[in-house]
Number of protein chains: 2
Amino acid sequence: MSQTVDRSAKTSATTPATTENPVVDVAALGEQLMGRWAAERRTSRLLAATPDMQRIPDQTMAEHRERVLGQLKILVDTKAVHKAFPPSVGGLNDAGGNIAQFEELLLADPSLQIKSGVQWGLFGAAVMHLGTAEHHEKWLPGIMSLEIPGAFAMTETGHGSDVSAVGTTATYDETTQEFVIDTPFRAAWKDYLGNAALHGEAAVVFAQLITKGVNHGVHAFYVPIRDKEKNFLPGVGGEDDGVKGGLNGIDNGRLHFTGVRIPRTNLLNRYGDVAEDGTYSSPIASPGRRFFTMLGTLVQGRVSLDGASTVASKLAMTIAITYGSQRRQFTAASETDEEVILDYQRHQRRLLPRLATTYAMSFAHEVFLEKFHGVFSGETDTETERQDLETLAAALKPLSTWHALDILQEAREACGGNGFLFENRLVGLRADMDIYATFEGDNNVLLQLVAKRLLTDYSKKFAGADAGALAQYVASQVGEATVNRTGLRKLAQTLVDFGSTARSVGYVRDTDSQRQLLTDRVQSMVAEIAGRLRDANKLPKMEAAQLFNSNQNALIEAARAHGELLQWEAFTDAVEKIEDPGTKTVLTWLRDLFGLGLIEKHAAWYLIHGRISAQRAQAITSYIDDRLLPRLREHALPLVAAFELSPELIGAPIALGAEKERQDEARAYYALQRESGTAPIPEKAPEKSPRKVVGK
Amino acid sequence: MSQTVDRSAKTSATTPATTENPVVDVAALGEQLMGRWAAERRTSRLLAATPDMQRIPDQTMAEHRERVLGQLKILVDTKAVHKAFPPSVGGLNDAGGNIAQFEELLLADPSLQIKSGVQWGLFGAAVMHLGTAEHHEKWLPGIMSLEIPGAFAMTETGHGSDVSAVGTTATYDETTQEFVIDTPFRAAWKDYLGNAALHGEAAVVFAQLITKGVNHGVHAFYVPIRDKEKNFLPGVGGEDDGVKGGLNGIDNGRLHFTGVRIPRTNLLNRYGDVAEDGTYSSPIASPGRRFFTMLGTLVQGRVSLDGASTVASKLAMTIAITYGSQRRQFTAASETDEEVILDYQRHQRRLLPRLATTYAMSFAHEVFLEKFHGVFSGETDTETERQDLETLAAALKPLSTWHALDILQEAREACGGNGFLFENRLVGLRADMDIYATFEGDNNVLLQLVAKRLLTDYSKKFAGADAGALAQYVASQVGEATVNRTGLRKLAQTLVDFGSTARSVGYVRDTDSQRQLLTDRVQSMVAEIAGRLRDANKLPKMEAAQLFNSNQNALIEAARAHGELLQWEAFTDAVEKIEDPGTKTVLTWLRDLFGLGLIEKHAAWYLIHGRISAQRAQAITSYIDDRLLPRLREHALPLVAAFELSPELIGAPIALGAEKERQDEARAYYALQRESGTAPIPEKAPEKSPRKVVGK
């Protein structure tokens with residue numbers, strides 16, 4: 001990072017902050033990126049920076065699992081765990097601070113982040129949110145202290161995305177006042193569960209609650225699975241999931257149950273209960289809404305994956321941009337000096353838009369975390385806020401987990417062979433985070449959930465409306481961009497577009513225009529699909545399903561567009577909060593790179609729908625290549641310096657001076673040769689003659 | 001694969017082969033895919049199917065390295081190695097057959113493929129192609145028998161892409177008639193070399209040849225590095241590269257040399273020699289052309305990576321499409337039956353275009369391998385063929401290595417949590433193949449090489465030409481598509497486009513139109529860039545470099561478009577060779593999915609340049625979603641069955657019946673419940689009332 005500091009220092013030393021050559025206030029920007037829970041993040045980073053918490057390369061799966069279990073005990077000792085839990089059991093009830101600190105643990109080892117998430121974020125949170133006071137007193141202290149390592153037994157081999165259809169049953173036996181847990185076939189085995197292969201002594205098992213011959217849907221049950229010697233209890237069995245693509249510090253495994261009896265009171269009964277006589281009761285009448293309410297209490301997993309993806313992207317960008325600013329290859333512009341690779345346009349195209357995306361992810365995550373904290377601290381716990389939170393989670397988690405994989409991969413390739421060495425961090429993080437696209441909700445399934453909500457909002461407004469009503473609705477949704485969202489305006493815009501390139505890009509560069517174009521796309525995509533689905537409810541189930549399926553891809557793309565808009569809005573709001581003029585200028589360029597990058601990526605849609613002209617589409621690309629990339633390249637190092645990653649957290653030798661040292665040594669060697677005149681003379685290329693003796 | 005066979009069998013049983021419901025002749029298609037070296041591929045696959053050759057999960061790096069070394073000895077015993085080498089040393093001089101067999105070894109373990117490539121394809125091939133008879137007799141037998149494990153010491157820590165600038169020197173000492181090898185600074189250390197960390201006893205070292213004070217450029221030298229006890233020889237030292245993101249069965253490492261003396265005759269002197277008195281001579285006068293001729297002899301590495309990427313993609317598609325045809329989730333169209341996930345449009349969008357790409361890669365690779373064999377067997381060894389071969393290598397290797405990573409990743413995600421289990425192959429292959437995008441030439445650097453050649457061809461034709469000449473040139477390049485490549489035609493086409501959607505897609509569906517659109521794009525991109533670079537040669541070096549750099553991204557995109565066109569042409573030629581009508585129909589759909597998929601992906605370019613109308617662009621997407629995907633989904637299993645991967649080669653339990661068995665068992669369980677009337681009754685959702693007691 002020394003180089004980073006040099007660069008930013010150098011910049012500020014040599015140039016006054018004007019909009020011509022602005023300077024980034026790295027400290028202030030860093031503080032803004034840290035956000036509301038800066039203190040918790042910094043504390044957690046200090047812990048992650050200690051060798052005991054970090055990954056050791058080339059450990060076997062068994063060694064890695066033991067090490068991570070030990071690291072969880074360290075977390076207990078530091079009382080980090082207590083933040084999450086209610087005061088009744090000595091907790092601090094600090095939902096946001098808790099997630100913030102656990103996200104940062106990814107910097108030490110993603111296995112540590114995820115195993116903690118299993119024990120406290122899933123197993124513990126299920127007891128906390130789905131159980132009641134008695135359960136809290138009885139089990140939370142042991143869960144917090146790791147005295148009771150536990151598994152979150154929801155997913156089954158046969159059901160991951162559609163968990164309402166799990167095959168495991170919990171049948172109430174009035175005679176003994178017990179629930180009997182069964183996994184009646186192989187596909188009903190609980191699977192991929194952290195803590196299930198080795199360490200878990202209990203599990204929160206999700207099963208179909210059956211009493212008096214009625215299935216009341218999926219409920220959560222507290223089920224002991226192993227004794228203190230880690231032997232399975234009667235009726236319980238399981239398997240080890242074995243080696244995975246990553247996260248091998250976690251003992252994922254399978255569990256199956258055969259007539260396992262638990263007391264009636266082990267039903268986590270906050271949202272549904274069974275009386276001694278077998279009568280079922282629930283505060284939520286609709287079985288569907290009841291189940292989704294239960295699931296909603298477990299949204300924090302998606303919050304922390306979104307945050308962890310952001311943290312990983314910051315690390316990847318820090319490594320690749322530092323290396324790209326020191327690595328040299330090919331002498332293009334000089335006889336003697338090789339180019340720094342970040343000075344190549346292609347390298348800028350590969351890294352700088354991803355740096356912009358990383359900033360968008362970071363600011364969007366802060367909004368997400370605030371909303372989560374509001375709901376779970378009770379500060380703003382309303383039905384609307386909970387629904388917004390779930391939609392936000394379903395929209396942001398897919399985008400950020402996919403972005404992290406893309407950013408880690410491009411960073412790896414941008415560091416060449418060095419990027420493939422485990423010591424430089426990128427390959428290990430990518431392997432571990434691969435599954436982030438799947439767990440806590442498959443990315444495609446989550447986006448379809450978002451799309452359905454967009455569609456519901458839309459159809460609630462009006463069914464079978466005509467184009468005019470539709471346009472009005474769209475306009476009403478656009479908010480600030482309402483101006484100019486009429487068909488007329490579109491025509492006018494199209495005319496404008498036949499003006500000069502300069503004028504057309506000038507228009508798009510402006511914040512409101514970016515907002516309008518991005519918002520308009522989401523609304524229009526939803527409106528288009530809604531139109532095609534208008535008659536679905538009149539069709540028989542199968543035909544309706546076929547009609548919906550024939551629009552599934554478009555639906556998911558609309559949801560993605562919605563998520564991109566949310567990220568852009570968060571980025572824009574953050575930029576508006578910046579006071580330092582230099583920082584504001586640079587961050588506005590970075591936001592423009594993100595926003596115009598989205599419009600460029602979706603240019604075909606904008607052209608097809610007459611939202612931008614061919615000239616403007618070309619102008620956007622030229623503006624990115626000729627203006628934004630060269631400008632931002634000058635600020636790339638300060639922009640990663642603002643991520644405030646210490647050398648201990650970065651770890652990668654190529655980003656900690658090793659490359660710079662090698663380059664300096666080589667350049668000094670050749671410089672000395674030139675000065676002393678000891679450099680061998682290059683062989684002259686002769687004019688003609690295919691075969692001749694050269695020299696002497 | 002049983003399911004695959006069922007499906008294809010079922011299809012052929014129930015339906016006669018007409019263009020309405022065509023049937024794929026799996027056996028014939030499989031034979032065509034196997035290509036000219038089918039026998040070598042099948043022999044190699046039989047070997048790869050044996051447990052001794054396959055990867056064991058969770059081995060430490062040390063264990064994995066030892067295992068792979070042992071597997072190389074097995075290859076020696078099977079005489080597989082001999083194909084590559086000249087008859088003078090007992091070889092068969094079968095260049096194509098040799099590469100074909102080694103590509104297939106990836107199915108066992110990519111570390112095995114790459115370590116073999118290091119020993120025989122790089123180290124051995126360098127001695128063979130850059131050395132002369134004396135060298136062959138002296139060293140090739142030991143290299144073939146693995147008596148001399150060796151490293152290919154070209155890349156240095158400081159120079160990977162620009163190998164002409166390596167820092168290692170070989171200075172001729174007339175007094176002792178020896179070359180003195182030195183790595184004068186850390187960046188000059190040889191790095192990432194397979195066999196360097198542990199097993200290598202010799203290395204072909206690429207160094208600047210200096211004699212009589214003149215540097216004649218990079219040449220290859222045979223340098224012993226370790227004794228039989230694996231101790232470094234005097235002056236030689238090194239380091240282990242340690243754990244990598246994958247390929248940990250290979251002992252990559254670094255080598256450094258300090259005043260290491262080797263006999264004059266250890267210079268591999270086919271393209272340049274030094275006489276006893278230190279006089280340098282070469283059959284190739286130009287130092288630049290000389291070096292590129294040497295590099296050209298080593299093109300086989302790129303050929304085999306292109307082929308290995310194709311093999312990996314075939315395996316990934318076999319696994320994901322088999323699983324997607326058996327896995328069920330969500331009851332959309334029925335009360336009782338869950339949907340097979342490949343019946344979801346999104347899932348088809350994720351997998352079927354990648355299946356089409358896999359076919360394109362396979363057919364393009366066969367063309368590539370034929371050209372390689374022609375040149376290296378001497379059958380068609382002309383200057384033009386060699387240049388074509390190098391351009392083909394530089395264009396196809398980047399596309400196929402990137403495609404393999406994309407295909408493996410999408411297949412992994414499409415298999416959900418199952419895809420993340422090591423036993424299901426996808427994660428391990430992806431981790432190993434990550435670096436295929438970098439070694440044997442960084443993908444971006446290779447594409448820039450292609451772009452420069454496209455630009456050279458273009459500028460050779462005419463400098464400073466006017467639009468008319470340009471249009472003519474473009475037309476002349478388009479070949480069959482020459483018709484309609486005038487501005488007038490473009491206008492006419494645009495008019496046509498305002499016709500109905502059906503008509504507009506009808507036009508693009510046709511083979512010649514796809515060829516025209518894809519060819520036109522490459523030519524026009526090159527022409528555009530050439531126009532912008534026209535004055536570069538009049539500028540000072542630095543400004544010229546800046547002008548070139550400001551077009552670098554566009555150049556690389558043009559090269560990618562060229563590579564995509566080559567793949568499309570190979571696919572189209574292969575389809576034209578098919579005689580069975582059913583197979584031809586289905587493969588034409590698959591080719592259309594590939595071709596129209598490219599046009600859809602680059603729709604913004606086609607719209608901006610007025611090549612297609614908005615209606616046509618939309619029609620292409622509708623045609624893919626509503627026609628091609630549903631049609632091809634019916635043939636997905638026969639299309640992967642044609643890859644002829646045996647259960648032993650597939651390995652992944654989820655593609656070998658495990659998922660089908662689980663699904664059948666679960667469905668039987670629920671069917672029985674329904675029949676016997678023992679199924680619990682689902683809780684009824686009451687009309688209204690927010691909170692009430694349900695049941696009883």
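This is a predicted model: local features need pLDDT of at least 70, side-chain atom pairs count only at pLDDT 80 or more; totals for chains, interfaces and linings use all residues.
**Chain A as a whole**

Begin by selecting chain A. Its 696 residues are 61% buried, and its secondary structure comprises 26 helices and 13 strands. Consider next the contacts in chain A with a separation of 6 or more: 74% of these are made by residues 24 or more positions apart.

Now colour chain A by domain. Domain 1 is made of two stretches, 24-120 and 299-437. Domain 2 covers 149-296, and domain 3 covers 443-634.

**Where domain 1 meets domain 3**

Keep domain 1 and domain 3 of chain A in view. Here 37 residues of domain 1 are in contact with 33 residues of domain 3. The size of an interface is often given as the accessible area lost when the parts come together. For these two domains of chain A the buried area is about 3,000 Å², with carbon and sulfur atoms giving 67% of it. Select A:Arg349, A:Leu399 and A:Trp402: these supply 19% of the area that domain 1 buries against domain 3, more than any other three residues.

On the side of domain 1, the elements giving two or more residues are helix H2 (26-34), helix H10 (345-376) and helix H11 (383-414) of chain A. By class, that side of domain 1 has 22 nonpolar, nine polar and six charged residues.

**Where chain B meets chain A**

Display both chains next. The contact involves 114 residues from chain B and 116 residues from chain A. Together the chains bury about 9,500 Å², and 55% of this lies on carbon and sulfur atoms. In chain B, select B:Arg346, B:Phe420 and B:Glu683, which lose the most area to chain A and account together for 9% of what that side buries.

Six salt bridges are found across the interface of chain B and chain A, as are 60 residue pairs in polar contact. The side of chain B that touches chain A divides into 50 nonpolar, 33 polar and 31 charged residues.

Select A:Asn215, which lies in strand S6 (residues 214-224) of chain A. Is A:Asn215 buried or exposed? A:Asn215 counts as buried because its relative accessible area is 17%, which is under the 20% limit. Its side chain is joined to that of A:Gln208 by a polar contact of 3.4 Å. Beyond its sequence neighbours, A:Asn215 touches A:Gln208, A:Leu209 and A:Ile210, and also B:Pro680, B:Ile681, B:Pro682 and B:Glu683.

Move to helix H5 (residues 95-104) of chain B, where 10 of the 10 residues are buried. Among them are B:Ala95, B:Ile99 and B:Phe102, as well as the charged-class residues B:Glu103 and B:Glu104. To see what covers them, display helix H3 (38-48), helix H4 (61-77), H6, helix H9 (300-324) and helix H10 (345-376) of chain B, which are included in the cover.

Helix H6 (residues 110-130) of chain B holds the next stop, B:Ala125. B:Ala125 is buried, with a relative accessible area of 1%. Its contacts, leaving aside residues up to four places away in sequence, are B:Trp120, B:Leu130, B:Leu298 and B:Gln300. Draw a distance from B:Ala125 to B:Gly301: the C-alpha atoms are 9.9 Å apart in space, while the two residues are 176 residues apart in sequence.

**Two residues with a positive phi**

Most residues other than glycine have a negative phi. The last two selections have a positive one.

Select A:Lys230 in the loop between S6 and strand S7 (236-240) of chain A. Its phi is about 70°. A:Lys230 is partly exposed, with a relative accessible area of 32%.

Finally, select B:Leu247 in the loop between strand S7 (236-240) and strand S8 (253-257) of chain B. Its phi is about 50°. B:Leu247 counts as buried, at 3% relative accessibility.

Definitions and conventions. Residues are numbered from 1 along each chain as its sequence is written. Chains are lettered from A and ligands numbered from 1 in the order in which they are written. Side-chain values use heavy atoms; hydrogens and water are left out. Domain bounds come from an automatic or database domain assignment. Contact means heavy atoms within 4.5 Å. Buried area is the accessible area (1.4 Å probe) that two parts lose on being put together, summed over both. Helices (H or I, at least four residues) and strands (E, at least two) are DSSP runs, numbered from the N terminus. Buried means under 20% relative accessible area, exposed over 50%, partly exposed in between (1.4 Å probe, protein chains only). A polar contact is a pair of N or O atoms within 3.5 Å; within protein, one must be able to donate a hydrogen and the other to accept it, and residues adjacent in sequence count only if both atoms are side-chain atoms. A salt bridge is a side-chain nitrogen of Lys or Arg within 4 Å of a carboxyl oxygen of Asp or Glu.
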